[in-house]
Amino acid sequence: MMLQLPLLLASLALLSAAAAAQQPAAPVFATVGTAVISAAEYDAAFAVAQRNRFYHRQAPVAEVEALKREVGDQLINRILLAEEAARRNIVPDRGRIDAQVQGYERRYGNSPQWPRMKAEMLPALIAELEKRSVIERLEAQVREVGTPDEAALRQYYAEHKEKFTEPERVKVSVILLKVDPSSPKAAWDQAREEAASIRARLARGAEFAELARLHSADGSAEKGGDMGYLHRGMLPEPVQDTVDKLVPGSLSEPITVLEGIALLRVDDRKVARQRDFDDVRERVEQLWRREAADEAFATFIAGLRAAAAVKVVDASRYPGVPGSATAARAN
């Protein structure tokens with residue numbers, strides 16, 4: 001995937017920050033064996049991650065602290081993965097890297113910034129793409145978990161029934177008397193009285209679909225108020241609470257919703273049902289592979305961390321590590 005210009009600029013900023021680690025007096029975030037992660041490199045990576053995660057919103061302190069540690073772990077793991085890839089003699093995907101560089105030329109060639117960026121940063125950018133490539137290839141190797149046998153799939157299916165269960169679905173019809181949210185109380189009272197009148201007519205045997213076509217402002221009016229089968233989460237909470245109390249064929253009292261006053265009728269309920277294994281076998285295998293690959297990679301990273309000499313020098317950038325120079329181990 002080609003980098004957008006802002007992301008490319010961010011990547012170049014990270015490369016510049018990484019170069020700061022070579023300066024003897026540069027503040028250090030952490031060491032991984034003989035490799036050094038500078039505070040500047042960490043700060044540049046955190047700025048990119050924070051922007052991508054939170055955009056411009058004010059994030060809760062706990063989320064920011066968690067992201068700080070996540071960024072630190074990523075920088076540490078990246079060094080360990082690159083070293084392991086070198087030990088395994090994994091080489092970068094040269095064709096892909098060349099295509100990426102050519103893509104930058106096509107995309108940014110007309111940018112006034114590109115000639116300067118190319119002259120100053122292209123060698124470092126290519127080195128970065130090479131590092132990413134070998135890490136991606138190593139990760140792909142580790143994540144290759146093979147093909148599960150039938151017994152493993154059936155065990156996964158049995159242990160994760162909730163993933164293969166169709167939720168309860170309720171067939172609902174509605175008559176909505178629209179009221180502008182800014183309307184005075186009198187307008188709401190009038191709509192509520194009209195809804196009560198319609199409900200009384202329904203109780204005397206009037207056709208719901210006919211009255212919905214005549215009175216409802218909901219998009220379902222042309223279908224006689226029929227909203228179809230809905231599952232939990234598709235309706236606003238107050239409406240869902242009302243629907244939960246209705247049995248098929250029963251009608252609600254007039255209720256206030258954001259758009260006005262509504263009458264609801266439950267027409268049918270389909271209970272939650274676990275789908276047969278044969279019907280979801282492909283999905284079972286997809287989930288099994290994904291979870292097994294995630295577990296394999298997490299175990300692999302933990303092994304690299306356990307065997308490595310990792311020291312966090314600046315604990316302020318790595319919450320949860322007591323002291324100012326603490327050995328960091330993966331959880």
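What you're looking at is a predicted model, so local features need pLDDT of at least 70 and side-chain atom pairs count only at pLDDT 80 or more, while totals for chains, interfaces and linings use all residues. Residues are numbered from 1 along each chain as its sequence is written, and side-chain values use heavy atoms, with hydrogens and water left out.

Let's start with the aromatics. The structure holds eight aromatic pairs; rings of Phe, Tyr and Trp (its six-membered ring) pair if their centres lie within 6.5 Å, with planes under 30 degrees apart called stacked, over 60 edge-to-face and the rest tilted. One of them joins Tyr 108 and Trp 114 in a tilted arrangement, 6.0 Å centre to centre with 50 degrees between the planes. Both partners are tucked away: Tyr 108 is buried at a relative accessible area of 4%, and Trp 114 is buried at 6%. Buried here means under 20% relative accessible area, exposed means over 50%, and partly exposed is in between (1.4 Å probe, protein chains only). Then there is Tyr 156 with Phe 164, an edge-to-face pair at 6.4 Å centre to centre and 65 degrees between the planes. Tyr 156 is buried, at 6% relative accessibility, and so is Phe 164, at 3%.

Ring pairs also build a cluster, linking Phe 29, Tyr 42, Phe 46 and Tyr 318. Arg 305 lies in helix H10, residues 277-307. Helices (H or I, at least four residues) and strands (E, at least two) are DSSP runs, numbered from the N terminus. Is this arginine buried or exposed? Arg 305 is buried, with a relative accessible area of 1%.

Another arginine meets a ring directly. The charged end of Arg 169 sits over the ring of Tyr 229, 5.4 Å from its centre; that label asks for NZ of Lys or CZ of Arg within 6 Å of the ring centre and within 35 degrees of the ring normal. His 231 belongs to strand E5 and is partly exposed at 35% relative accessibility.

Strand E5 (226-231) brings us to the second largest pocket, where E5, strand E4 (169-178), helix H9 (237-244), strand E6 (255-257) and strand E7 (260-270) each supply at least two lining residues. On a 1 Å grid over the protein atoms alone, a pocket is an open set of points where a 1.4 Å probe fits, with protein on both sides within 12 Å along at least five of seven lines, and lining residues have an atom within 4 Å of a point. Its lining numbers 16 residues, with Leu 235, Pro 236, Val 239, Val 257 and Glu 259 nearest the centre.

A few single residues round out the tour. Ser 220 sits in the loop between helix H8 (208-215) and E5, is buried at 5% relative accessibility, and makes a side-chain to side-chain polar contact with Asp 218 at 2.6 Å. Asn 89, in the loop between helix H3 (61-87) and H4, is exposed, with a relative accessible area of 64%. Its phi is near 60 degrees, a positive value in a residue other than glycine. Most residues other than glycine have a negative phi. Over in helix H4 (residues 94-108) you'll find Glu 105, partly exposed at 29%.

Notes: Polar contact = N/O pair within 3.5 Å; in protein donor to acceptor, adjacent residues only side chain to side chain.
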